[in-house]
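Welcome to this short tour. Open your viewer, load the model and follow along one stop at a time.

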Amino acid sequence: DAMEALVKTLAETGELSRTYIFFTSDNGWHRGEHWIPAEKCTPYEESIRVPLIVTGPGIVTGRSVNRVAGLVDLTPTLLELAGAPASSIAASDGRSLVPLLLASDPSSVPWRESILIEHFGGGAPFRVRLYTGIRSEKDVYVEYASGEKEYYDLVKDPYQMENTASKLPPESLEKLSKRTAALKACAAATCRAAEVGAPVKP
């Protein structure tokens with residue numbers, strides 16, 4: 001109802017054709033998935049994946065773009081759409097989504113391979129342990145403060161039912177751990193460099 005009213009007002013004022021609308025959400029909420037009765041901020045798909053729908057000038061209606069994006073990308077995206085200086089956009093840890101939104105072929109746009117996921121642990125009413133990890137288009141890797149690790153191949157195991165971290169070769173675990181550390185410590189341009197790395201072989 002709120003979106004309908006907003007679009008109606010924009011149309012009535014003649015602003016709809018020059019307005020970008022972004023629709024997204026807070027973290028997903030567990031309702032029994034992974035034996036978690038009620039929780040959020042976990043490293044599982046039910047929590048870390050949220051909708052992102054964008055409409056506006058130059059954006060193809062009804063098209064889906066399957067690339068790894070995060071809330072960290074909203075600031076540089078909005079800055080670019082608003083015509084901010086390139087230096088302001090480059091100072092962000094995220095990437096502007098504008099090339100993906102306006103490209104005739106989004107699959108040809110150079111993009112990240114993985115993005116940082118993390119939670120700082122504790123804090124009532126949440127009981128999620130502190131973790132840092134990465135989510136790519138094909139897998140999820142997580143390191144907990146306790147030293148425990150989780151790895152899910154989302155192609156073979158899209159519901160994250162079997163943690164296969166213990167089955168990964170040591171060199172693959174090391175590569176994932178280094179990429180996670182690099183993304184956690186990065187800022188601005190170093191984040192964009194850390195997001196791209198050689199694929200890990202299970």
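With the whole protein in view, start with its contacts (heavy atoms within 4.5 Å): of those with a separation of 6 or more, 50% are between residues 24 or more positions apart. You are looking at a predicted model, where local features need pLDDT of at least 70, side-chain atom pairs count only at pLDDT 80 or more, and totals for chains, interfaces and linings use all residues. Residues are numbered from 1 along each chain as its sequence is written, and side-chain values use heavy atoms, with hydrogens and water left out.

Now switch to a cartoon view. Seven helices and six strands make up the secondary structure; these are DSSP runs numbered from the N terminus, with helices (H or I) of at least four residues and strands (E) of at least two.

Next, select residues 131-136, which form strand E4. Is E4 mostly covered or uncovered? Mostly covered: six of its six residues are buried, meaning under 20% relative accessible area with a 1.4 Å probe, protein chains only. Show the side chains: Tyr-131, Gly-133 and Arg-135 point one way, while Thr-132, Ile-134 and Ser-136 point the other. In a regular strand the side chains alternate between the two faces of the sheet.

Strands count as paired if DSSP finds at least two bridges between them.

Finally, select residues 139-144, strand E5, antiparallel to E4 and joined to E4 by five bridges. Tyr-144 in E5 is the bridge partner of Tyr-131. Two residues lie between E4 and E5 in this hairpin.

Key: Buried < 20%, exposed > 50% of the residue type's maximum accessible area, 1.4 Å probe, protein only.
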